Amino acid sequence: MKIWPQVSIPPVGIAFPKLVLNSTSGVTTFDGSRKAFTMYVCGITPYDATHLGHAATYLTFDLINRYLKLSGQEVDFVENITDIDDPLFERALRDNQSWEELGRSQVALFAGDMSALRVVPPKAYVAVTEAMASIILAIEKLAEDGHTYVCNGNVYFKTTAFLSQLPIELGKAIEIFAERGGDPLTEGKEHPLDPILWVAHKDGEPAWESKLGLGRPGWHVECTVIALENLIGADYLNETSDTDTNSFEIDLQGGGSDLIFPHHFMTAAIGKALTGKDFASSYVHAGMVGLDGEKMSKSKGNLVLVSNLLKNGIDPMVIRYALLTSHYAKDRMWSDEVLESAERRVEAIRSALSRNEVAPTQDVLITIAKAISNDLDTPLALDLIDSWVASTSAGVTGGSVGELSRFLDATLGLAL
Ligand code: ZN
């Protein structure tokens, strides 16, 4: 898929501490020992792009991408577009629009938003429709290896062997599975949590030929295949685990915290069934963004879209700054006050950066890098900038404007 324009990361002259993340899979230190760090981030389903929750999620992985690159680590970053999925078809039907047209317009909107927010694009940005042949091959292999069964014409993945890895208790898992696209109550299934791998053709939906009949893939397997094919290589299905020294396929799978279950559990289980290896060594999840004390959701109709903020003249760097004022992993609230406070703070930084003489900057760089290395502590990083602004306003001198502005651009993506 056509990607948004490259965003350059200016070089900065300090040594970066090792990145430590409190990932869902435990505290992970990224020590740069892998040739390339492999990161897969679950992308949008193109029908409500891009609300602030999406933006907060993609900024989180942008921070990780930038930090590792600045530390000298090569990063292979892949992101998908879920352009084959139930919610997209439902929305297209509701709005009497073709799903292709809806998808295309929303993908373009998303790319524009990411570009405005200075998110460094992934090396591969892959739509499900572009990966269809590989997804079909993988599903056929799962069927050949006995990981599937057919119920009501649809092909299901057997989860029973993977349930010891469930991140939550079974009853709760079934409840959440139903809320997030699953069908636990379908009669005839072997286990309520088994997800659909291949949906038999329905009127009004696109369909592809496969050994399993005419149909289209389900959500989870799409991500497993796009991640493995683009991060491990096209022949990942022929890998034999005993000749490979890595016990995990990829280094990080990321997304919003609403993907912990079922999506990331399912992609990992399907990956293990396909290759025999564990899917990702770490899982990082960004918290949810609410509005004025309420959950932001499509059904409530209170989504704040980045494109609307931009249309209203809000500076994209203020939006980026505002999203960095909260810790990535925490659920947070968006409000006019959050935006106004960000506007004031960005204005104060710009004013300080426009002076000829500024407070010393070298130590600020080092302490901000340390804050980011500690589980992406952006609230602390922004407080450190405020302290520097206060010192500069008080007339302290000895720093370099260029050094600090390049550093803020490189690490936090704030081109001020
Ligand atoms: Zn995904």
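The model is predicted, so to speak of local features a pLDDT of at least 70 is needed, and side-chain atom pairs count only at pLDDT 80 or more, while totals for chains, interfaces and linings use all residues. Residues are numbered from 1 along each chain as its sequence is written, and side-chain values use heavy atoms, with hydrogens and water left out.

Let us start with the layout. The chain is divided into domain 1 (19–286) and domain 2 (320–412), with bounds from an automatic or database domain assignment. Their centres, taken over C-alpha atoms, are 34 Å apart. Domain 1 brings 22 residues to the contact and domain 2 brings 19, where contact means heavy atoms within 4.5 Å.

Between the two domains, about 1,700 Å² is buried, and carbon and sulfur atoms give 64% of that area. Buried area is the accessible area (1.4 Å probe) that two parts lose on being put together, summed over both. In domain 1, L52, L63 and Y67 lose the most area to domain 2, together 31% of what that side buries.

The interface holds two salt bridges, each a side-chain nitrogen of Lys or Arg within 4 Å of a carboxyl oxygen of Asp or Glu. R118 forms a salt bridge with D409, and their closest N and O atoms are 3.0 Å apart.

These elements each supply at least two residues of the domain 1 side; helices (H or I, at least four residues) and strands (E, at least two) are DSSP runs, numbered from the N terminus.

| Element | Residues |
|---|---|
| Strand 1 | 19–23 |
| Helix 1 | 52–70 |
| Strand 11 | 278–286 |

Helix 1 gives the most to this side, with 11 residues.
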